[in-house]
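This report goes through one protein model, beginning with a single residue and widening to helices, a sheet and the chain. Please read it alongside the sequence and the coordinates.

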Amino acid sequence: EAGGQVAAPFRPPRRRLDQLSKGPKIELSAKHALLGLEMNMVLPERAKFKHVRRALAKRFQNEDFETKARVIQKVKGIYSPYKDDGYIKAVRHVLIFCPGLEDLLTEGAEAVLSDDDLSTDQPGEEEVGPPSSASGSAYAPGGEEHAGDSDGEIAGGGGSAASKARASWLATRISPGSSRGAGSVKMSSKGPCLTKRQVLGLQTDLHAGFSDVDFQTELRALLSERATFASHAEFVKAKQELLLQVQRKVLPEYGFEGSMVGVFQMMAAMGPFAKDPDIVQMGNDINELISVDIPPEAWRDVSRQCRDLRADVAAKQAAVKEVRKRREEVANERRIREQRRASGKVTALPAPAPIPSSWLAEPGSVEATAAAVAAAAGKTCAGTAVADFLKALPFPRWPSPFPPVCMAIAGSWNGHKPETMTWLAGLFLFRVTVGSSGCENFQLLLGGRRDAALYPSTADANHLDDGEVLGPDHADGGRCWLIGKGQPHAEDGACPGDRFAVVAALDSSAVVRLVGWQKF
């Protein structure tokens, strides 16, 4: 940068202001509007907002900052640019946006300009830098206006004669239904992909809508009332809503949403045509209709920014859809279980489980001894015969009173250490006390072997789920049965401290066909 010394690439130490030059100085912070990177600036007191760009160009040794960077502010959620020739004065915080140059920025860097750096400005020199990306583009009007532009009256009472003639000519070239509209627009994972013919068709439709007498009347009234708005942001918001009256009708015909998101999507899709003379001219005509002044050289950057925004919005929408989908799946599973309960089709435990009496008595007590005798007779403490449960099974049961195999259970209550299950006249049983989490998971191990695990066909299954008992093998993939599924509103009513009897029933081939549990 002529007239100034280039700063070192690393962050320089803070220097006294009187060492930079003789004139008074101002300090301000510049923060990237999207990335959040923040840097300090020391500028002469008479600096203008365009000199913020010059300071960036000098600090990072890249003249593109002078032409591509934007100095903006955010008011009530709306971005608007500072006037290039406006003096910084008491402003001490600004936002910057520099498409394509973000990789050069450094967090905490310091940019400095001297009085000599400002002296390069010639009287009456116009700044090259484009307006804020918040402004509407030539082919996607409806964004925020440049703060330094005059809204004024609509030229020619709704567009010049030349622009009307071009719109009429385009309308004759692009007849309805010929490669126009959403029916013929190709869709990709990133949104609609437009051809030049479709872009011109979209512009023609927008031009026709903005040329409507009623719309022009409302727009003139809004422009004339600008001084009555509390702030520029409020005025821009009102104008955006007015423009959307037309855009809501046109954009869906080309595969875009009829909203500001759709406007951004459209601007991004038109990026490849930013230098096409036909599209540029038609865009200028549209901007003339709605009193927006955007230089053509800014369109490609605006399109790139909108493309990034579209990707951001698409990612958020996909995340929201995924959450909604999961919620719907959970609700649907719950409805199915409730219907199964109501219809009596729950077959996991066809009858009350035969709880051994010894489980309810203190070990070594008289009651425990009596319970053992009752168990030998096939009775529980409540007098429920094991035979009654076995008769209720929906499949032929194991006929012998002796177990065909040894069965162990490995659960979360003890770090999945195998423990032998109790054989009770035809069933394998095990007592589980639910821990503080309100949930416990487990697998069954044939012969106590890890490579002979029995597990559900779906992960975290409970005995109300539709599923099968798989195994014995070591291909479980971590699938377990889960007591307390659905906490804090467990479907089996499990709570911390509750006791459950886990039941495994064998069919006539000594295959485990049923696994369930019951609170006692």
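## A buried leucine

Leucine 105 has a relative accessible area of 11% and is therefore buried, where buried means under 20% relative accessible area, exposed over 50% and partly exposed in between, with a 1.4 Å probe and protein chains only. The model is a predicted one, in which local features need pLDDT of at least 70 and side-chain atom pairs count only at pLDDT 80 or more, while totals for chains, interfaces and linings use all residues. Residues are numbered from 1 along each chain as its sequence is written, and side-chain values use heavy atoms, with hydrogens and water left out.

Leucine 105 lies in the loop between β5 (93-97) and β6 (110-112); helices (H or I, at least four residues) and strands (E, at least two) are DSSP runs numbered from the N terminus. Leaving aside residues up to four places away in sequence, leucine 105 touches His32, Leu37, Phe60, Phe65 and Cys98, contact meaning heavy atoms within 4.5 Å. From C-alpha to C-alpha, leucine 105 and methionine 39 are 8.8 Å apart in space, although 66 residues apart in sequence.

The 16 residues of α5 should span 22 Å at 1.5 Å a residue, which agrees with the 22 Å between its end C-alpha atoms; the expected span is 1.5 Å times one less than the number of residues. Among the buried residues of α5 are Val199, Leu200, Leu202, Leu206 and Phe210.

The axes of α5 (residues 196-211) and α6 (residues 213-224) come within 5 Å and cross at roughly 65°, the axes being lines fitted to C-alpha atoms, for helices over the stretch in contact, with angles from 0 to 180 degrees between N-to-C directions. The two helices, α5 and α6, are therefore roughly perpendicular to each other, a term for angles of 65 to 115 degrees. At this contact, Gly209, Phe210 and Ser211 in α5 meet Val213, Phe215 and Gln216 in α6.

## A four-stranded sheet

Four strands form an open sheet in the order β11-β12-β17-β18, with antiparallel pairing; two strands pair if DSSP finds at least two bridges between them. Its edge strands, β11 (422-424) and β18 (512-519), each pair on one side only, and the twist averages 30° from one strand to the next. Three bridges join β11 to β12 (residues 427-433) in the antiparallel sense, with leucine 424 opposite leucine 427 in β12.

## The whole chain

The protein chain has twelve helices and 18 strands, and 45% of its 520 residues count as buried.

Definitions and conventions: Angles under 35 degrees count as roughly parallel, over 145 as roughly antiparallel, 65 to 115 as roughly perpendicular and the rest as oblique.
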